[in-house]
Amino acid sequence: MERRQFVASLVAGGCAGMCVDLTLFPLDTIKTRLQSQQGFHKAGGFGGIYAGVPSAAVGSFPNAAAFFVTYECTKSLLGASGAFAAPRAAPVSHMLAASLGEIVACLIRVPTEVVKQRTQASPSSTTYNMLLATLREEGVRGLYRGYGSTVLREIPFSLVQFPLWEYLKTLWSKRQGHTLHSWQSAVCGAFAGAVAAFVTTPLDVAKTRIMLAEAGSATAGGNIPVVLCDVWRSKGLPGLFAGSVPRMAFISVGGFIFLGAYEKVRRALL
(Lines give C-alpha, C1' and ligand atoms only; values in the text may rest on other atoms or scores of the structure.)
Protein backbone atom coordinates (compact mmCIF):
# COMPACT_ATOMS: atom_id res chain seq x y z
CA MET A 1 0.00 0.00 0.00
CA GLU A 2 1.30 3.46 -0.95
CA ARG A 3 1.78 6.10 1.74
CA ARG A 4 -1.01 8.23 0.27
CA GLN A 5 -3.47 5.30 0.45
CA PHE A 6 -2.35 4.56 4.02
CA VAL A 7 -2.97 8.16 5.15
CA ALA A 8 -6.31 8.26 3.30
CA SER A 9 -7.49 5.06 5.05
CA LEU A 10 -6.29 6.36 8.43
CA VAL A 11 -8.03 9.74 8.20
CA ALA A 12 -11.18 8.46 6.45
CA GLY A 13 -11.60 5.63 8.97
CA GLY A 14 -11.15 7.94 11.96
CA CYS A 15 -13.59 10.55 10.61
CA ALA A 16 -16.17 7.88 9.79
CA GLY A 17 -15.85 6.38 13.28
CA MET A 18 -16.39 9.71 15.03
CA CYS A 19 -19.38 10.54 12.80
CA VAL A 20 -21.26 7.34 13.58
CA ASP A 21 -20.35 6.97 17.27
CA LEU A 22 -21.37 10.49 18.25
CA THR A 23 -24.45 10.68 16.01
CA LEU A 24 -25.98 7.41 17.21
CA PHE A 25 -24.81 7.38 20.82
CA PRO A 26 -28.34 7.55 22.37
CA LEU A 27 -29.39 4.33 20.56
CA ASP A 28 -26.26 2.61 21.88
CA THR A 29 -27.13 3.69 25.44
CA ILE A 30 -30.66 2.27 25.15
CA LYS A 31 -29.29 -1.02 23.78
CA THR A 32 -26.78 -1.30 26.66
CA ARG A 33 -29.51 -0.72 29.27
CA LEU A 34 -31.83 -3.28 27.65
CA GLN A 35 -29.04 -5.88 27.91
CA SER A 36 -28.01 -4.96 31.46
CA GLN A 37 -28.58 -7.59 34.20
CA GLN A 38 -30.28 -5.00 36.42
CA GLY A 39 -32.90 -4.27 33.75
CA PHE A 40 -33.65 -1.28 31.56
CA HIS A 41 -35.33 1.01 34.13
CA LYS A 42 -32.86 0.36 36.97
CA ALA A 43 -29.97 0.98 34.58
CA GLY A 44 -31.34 4.47 33.87
CA GLY A 45 -34.19 4.01 31.38
CA PHE A 46 -34.40 6.89 28.94
CA GLY A 47 -32.65 9.33 31.29
CA GLY A 48 -29.08 10.54 30.74
CA ILE A 49 -28.76 8.90 27.35
CA TYR A 50 -25.47 10.71 26.70
CA ALA A 51 -23.83 9.18 29.80
CA GLY A 52 -20.42 7.83 28.76
CA VAL A 53 -20.13 9.93 25.59
CA PRO A 54 -16.63 11.31 26.46
CA SER A 55 -15.24 7.76 26.41
CA ALA A 56 -16.80 7.13 22.99
CA ALA A 57 -15.49 10.46 21.67
CA VAL A 58 -11.92 9.73 22.77
CA GLY A 59 -11.85 6.19 21.42
CA SER A 60 -13.83 6.41 18.17
CA PHE A 61 -11.20 8.05 15.92
CA PRO A 62 -8.18 5.83 16.74
CA ASN A 63 -10.39 2.72 16.93
CA ALA A 64 -11.92 3.15 13.45
CA ALA A 65 -8.62 4.38 11.98
CA ALA A 66 -6.80 1.27 13.28
CA PHE A 67 -9.49 -0.98 11.79
CA PHE A 68 -9.48 0.51 8.30
CA VAL A 69 -5.68 0.81 8.03
CA THR A 70 -5.35 -2.87 8.97
CA TYR A 71 -8.27 -3.85 6.69
CA GLU A 72 -6.95 -2.02 3.61
CA CYS A 73 -3.31 -3.09 4.18
CA THR A 74 -4.30 -6.74 4.59
CA LYS A 75 -6.55 -6.60 1.50
CA SER A 76 -3.69 -5.07 -0.47
CA LEU A 77 -1.18 -7.69 0.70
CA LEU A 78 -3.52 -10.62 0.08
CA GLY A 79 -4.54 -9.23 -3.32
CA ALA A 80 -0.88 -9.09 -4.34
CA SER A 81 -0.35 -12.77 -3.49
CA GLY A 82 -1.20 -15.45 -6.04
CA ALA A 83 -3.58 -17.45 -3.84
CA PHE A 84 -5.97 -14.53 -3.18
CA ALA A 85 -5.63 -12.65 -6.48
CA ALA A 86 -8.49 -14.51 -8.20
CA PRO A 87 -11.99 -12.91 -8.03
CA ARG A 88 -13.40 -16.08 -6.43
CA ALA A 89 -11.00 -15.67 -3.52
CA ALA A 90 -12.11 -12.06 -2.85
CA PRO A 91 -14.67 -12.94 -0.10
CA VAL A 92 -12.03 -14.95 1.78
CA SER A 93 -9.59 -12.05 1.45
CA HIS A 94 -12.22 -9.63 2.81
CA MET A 95 -13.01 -11.99 5.72
CA LEU A 96 -9.36 -12.33 6.74
CA ALA A 97 -8.72 -8.59 6.39
CA ALA A 98 -11.81 -7.69 8.45
CA SER A 99 -10.96 -10.25 11.16
CA LEU A 100 -7.41 -8.96 11.55
CA GLY A 101 -8.73 -5.39 11.54
CA GLU A 102 -11.10 -6.19 14.42
CA ILE A 103 -8.36 -7.84 16.52
CA VAL A 104 -6.18 -4.72 16.20
CA ALA A 105 -9.05 -2.23 16.67
CA CYS A 106 -10.29 -4.00 19.82
CA LEU A 107 -7.03 -3.12 21.59
CA ILE A 108 -8.34 0.47 21.53
CA ARG A 109 -12.08 -0.22 21.47
CA VAL A 110 -12.41 -2.44 24.56
CA PRO A 111 -11.09 -0.03 27.24
CA THR A 112 -13.31 2.78 25.92
CA GLU A 113 -16.25 0.38 25.63
CA VAL A 114 -15.84 -0.85 29.24
CA VAL A 115 -15.84 2.69 30.65
CA LYS A 116 -18.62 3.82 28.30
CA GLN A 117 -20.99 0.92 29.07
CA ARG A 118 -20.46 1.11 32.83
CA THR A 119 -21.25 4.82 32.71
CA GLN A 120 -24.32 4.17 30.54
CA ALA A 121 -25.59 1.62 33.10
CA SER A 122 -24.80 3.99 36.03
CA PRO A 123 -25.75 7.45 34.71
CA SER A 124 -25.26 9.04 38.15
CA SER A 125 -21.50 8.53 37.71
CA THR A 126 -19.22 10.39 35.28
CA THR A 127 -16.90 8.88 32.67
CA TYR A 128 -13.81 10.06 34.56
CA ASN A 129 -15.00 8.68 37.91
CA MET A 130 -15.90 5.36 36.28
CA LEU A 131 -12.41 5.14 34.73
CA LEU A 132 -10.76 5.82 38.11
CA ALA A 133 -13.05 3.32 39.88
CA THR A 134 -12.24 0.60 37.32
CA LEU A 135 -8.48 1.19 37.62
CA ARG A 136 -8.66 1.30 41.42
CA GLU A 137 -10.68 -1.91 41.78
CA GLU A 138 -9.36 -4.02 38.90
CA GLY A 139 -6.27 -2.28 37.52
CA VAL A 140 -5.49 -2.08 33.80
CA ARG A 141 -6.80 -5.65 33.34
CA GLY A 142 -10.24 -4.34 34.29
CA LEU A 143 -10.21 -2.08 31.23
CA TYR A 144 -9.68 -5.16 29.05
CA ARG A 145 -12.40 -7.22 30.68
CA GLY A 146 -14.47 -8.65 27.87
CA TYR A 147 -11.68 -8.35 25.27
CA GLY A 148 -12.12 -12.00 24.26
CA SER A 149 -15.91 -11.75 24.08
CA THR A 150 -15.68 -8.49 22.11
CA VAL A 151 -13.28 -10.02 19.56
CA LEU A 152 -15.50 -13.12 19.34
CA ARG A 153 -18.47 -10.83 18.68
CA GLU A 154 -16.70 -8.55 16.21
CA ILE A 155 -15.06 -11.24 14.07
CA PRO A 156 -18.34 -13.08 13.21
CA PHE A 157 -19.92 -9.65 12.67
CA SER A 158 -17.17 -8.63 10.24
CA LEU A 159 -17.22 -12.04 8.55
CA VAL A 160 -20.83 -11.27 7.60
CA GLN A 161 -20.75 -7.47 7.12
CA PHE A 162 -17.65 -6.78 5.04
CA PRO A 163 -17.82 -9.59 2.46
CA LEU A 164 -21.56 -8.82 2.06
CA TRP A 165 -20.79 -5.08 1.69
CA GLU A 166 -18.07 -5.72 -0.92
CA TYR A 167 -20.31 -8.21 -2.77
CA LEU A 168 -23.28 -5.81 -2.90
CA LYS A 169 -21.02 -3.00 -4.15
CA THR A 170 -19.59 -5.23 -6.89
CA LEU A 171 -23.07 -6.44 -7.91
CA TRP A 172 -24.56 -2.93 -8.04
CA SER A 173 -21.51 -1.57 -9.85
CA LYS A 174 -21.74 -4.27 -12.56
CA ARG A 175 -25.46 -3.61 -13.07
CA GLN A 176 -25.08 0.12 -13.59
CA GLY A 177 -21.77 -0.15 -15.47
CA HIS A 178 -19.66 2.24 -13.38
CA THR A 179 -18.20 2.74 -9.91
CA LEU A 180 -20.73 3.38 -7.15
CA HIS A 181 -21.33 6.82 -5.70
CA SER A 182 -20.64 7.23 -1.97
CA TRP A 183 -24.36 7.18 -1.10
CA GLN A 184 -24.79 3.85 -2.96
CA SER A 185 -21.87 2.37 -1.04
CA ALA A 186 -23.56 3.64 2.13
CA VAL A 187 -26.84 1.86 1.24
CA CYS A 188 -24.91 -1.40 0.77
CA GLY A 189 -23.25 -0.81 4.15
CA ALA A 190 -26.61 -0.25 5.86
CA PHE A 191 -28.07 -3.53 4.57
CA ALA A 192 -24.92 -5.54 5.34
CA GLY A 193 -24.75 -4.02 8.83
CA ALA A 194 -28.39 -4.84 9.66
CA VAL A 195 -27.96 -8.50 8.68
CA ALA A 196 -24.70 -8.85 10.63
CA ALA A 197 -26.16 -7.05 13.67
CA PHE A 198 -29.11 -9.40 14.04
CA VAL A 199 -27.06 -12.57 13.60
CA THR A 200 -24.51 -11.56 16.27
CA THR A 201 -26.89 -10.10 18.91
CA PRO A 202 -26.48 -13.05 21.35
CA LEU A 203 -22.71 -12.48 21.35
CA ASP A 204 -23.32 -8.78 22.02
CA VAL A 205 -25.58 -9.66 24.98
CA ALA A 206 -22.80 -11.87 26.41
CA LYS A 207 -20.19 -9.13 25.91
CA THR A 208 -22.37 -6.49 27.62
CA ARG A 209 -23.07 -8.73 30.65
CA ILE A 210 -19.38 -9.62 31.05
CA MET A 211 -18.36 -5.95 30.97
CA LEU A 212 -21.07 -4.88 33.44
CA ALA A 213 -20.68 -7.80 35.89
CA GLU A 214 -19.29 -7.20 39.37
CA ALA A 215 -15.59 -7.99 39.76
CA GLY A 216 -15.03 -11.54 41.00
CA SER A 217 -18.45 -12.84 39.90
CA ALA A 218 -18.86 -15.89 37.64
CA THR A 219 -20.04 -13.71 34.76
CA ALA A 220 -16.97 -11.46 35.05
CA GLY A 221 -14.84 -14.53 34.29
CA GLY A 222 -15.69 -14.04 30.62
CA ASN A 223 -16.88 -17.55 29.75
CA ILE A 224 -19.22 -16.80 26.83
CA PRO A 225 -21.02 -20.20 26.63
CA VAL A 226 -21.72 -20.08 30.40
CA VAL A 227 -23.07 -16.51 30.15
CA LEU A 228 -25.27 -17.40 27.15
CA CYS A 229 -26.62 -20.50 28.96
CA ASP A 230 -27.42 -18.37 32.00
CA VAL A 231 -29.31 -15.86 29.81
CA TRP A 232 -31.14 -18.73 28.07
CA ARG A 233 -32.23 -20.25 31.41
CA SER A 234 -33.37 -16.95 32.93
CA LYS A 235 -34.88 -15.13 29.93
CA GLY A 236 -35.06 -17.63 27.06
CA LEU A 237 -34.72 -16.66 23.39
CA PRO A 238 -35.94 -13.06 23.93
CA GLY A 239 -33.09 -12.61 26.42
CA LEU A 240 -30.50 -13.75 23.88
CA PHE A 241 -31.83 -11.22 21.38
CA ALA A 242 -32.41 -8.41 23.92
CA GLY A 243 -31.65 -5.06 22.34
CA SER A 244 -31.65 -6.53 18.82
CA VAL A 245 -33.99 -3.84 17.43
CA PRO A 246 -31.97 -0.81 18.63
CA ARG A 247 -28.77 -2.72 17.75
CA MET A 248 -29.98 -3.34 14.18
CA ALA A 249 -31.21 0.26 13.91
CA PHE A 250 -27.92 1.58 15.32
CA ILE A 251 -25.72 -0.55 13.08
CA SER A 252 -27.86 -0.18 9.96
CA VAL A 253 -27.90 3.62 10.18
CA GLY A 254 -24.34 3.44 11.49
CA GLY A 255 -23.29 1.32 8.51
CA PHE A 256 -24.81 3.90 6.18
CA ILE A 257 -22.93 6.78 7.85
CA PHE A 258 -19.74 4.83 8.65
CA LEU A 259 -19.07 3.16 5.30
CA GLY A 260 -20.55 6.04 3.28
CA ALA A 261 -18.40 8.62 5.10
CA TYR A 262 -15.36 6.36 4.78
CA GLU A 263 -15.75 6.04 0.99
CA LYS A 264 -16.46 9.78 0.59
CA VAL A 265 -13.48 10.99 2.63
CA ARG A 266 -11.09 8.37 1.22
CA ARG A 267 -11.98 9.29 -2.38
CA ALA A 268 -11.61 13.00 -1.60
CA LEU A 269 -8.12 12.38 -0.16
CA LEU A 270 -7.06 10.17 -3.07
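1. Lys169 and Glu263 form a salt bridge, with 3.2 Å between the closest N and O atoms; the term is used here for a side-chain nitrogen of Lys or Arg within 4 Å of a carboxyl oxygen of Asp or Glu. The pair links distant parts of the chain, Lys169 being in helix H7 and Glu263 in helix H11 (residues 244-269), 94 residues apart. Helices are DSSP runs of H or I, at least four residues, numbered from the N terminus.

2. The model is predicted: local features need pLDDT of at least 70 and side-chain atom pairs pLDDT 80 or more, whereas totals for chains, interfaces and linings use all residues. Residues are numbered from 1 along each chain as its sequence is written, and side-chain values use heavy atoms, with hydrogens and water left out.

3. Lys169 also forms a salt bridge with Glu166, at 3.7 Å between the closest N and O atoms. Both residues lie in helix H7 (residues 147-176), 3 residues apart, about one turn of the helix.

4. Lys169 is buried at 14% relative accessible area, where buried means under 20% (1.4 Å probe, protein chains only). Glu166 is buried too, at 11%, and so is Glu263.

5. In helix H4 (residues 90-121), Lys116 and Glu113 are 3 residues apart, about one turn of the helix. Their side chains meet in a salt bridge of 3.1 Å, N to O. Lys116 counts as buried because its relative accessibility is 7%; Glu113 counts as buried at 10%.

6. The whole structure has 16 salt bridges by this search.

Methods:
Helix = DSSP H or I, 4+ residues; strand = E, 2+ residues; numbered from the N terminus. Buried < 20%, exposed > 50% of the residue type's maximum accessible area, 1.4 Å probe, protein only.
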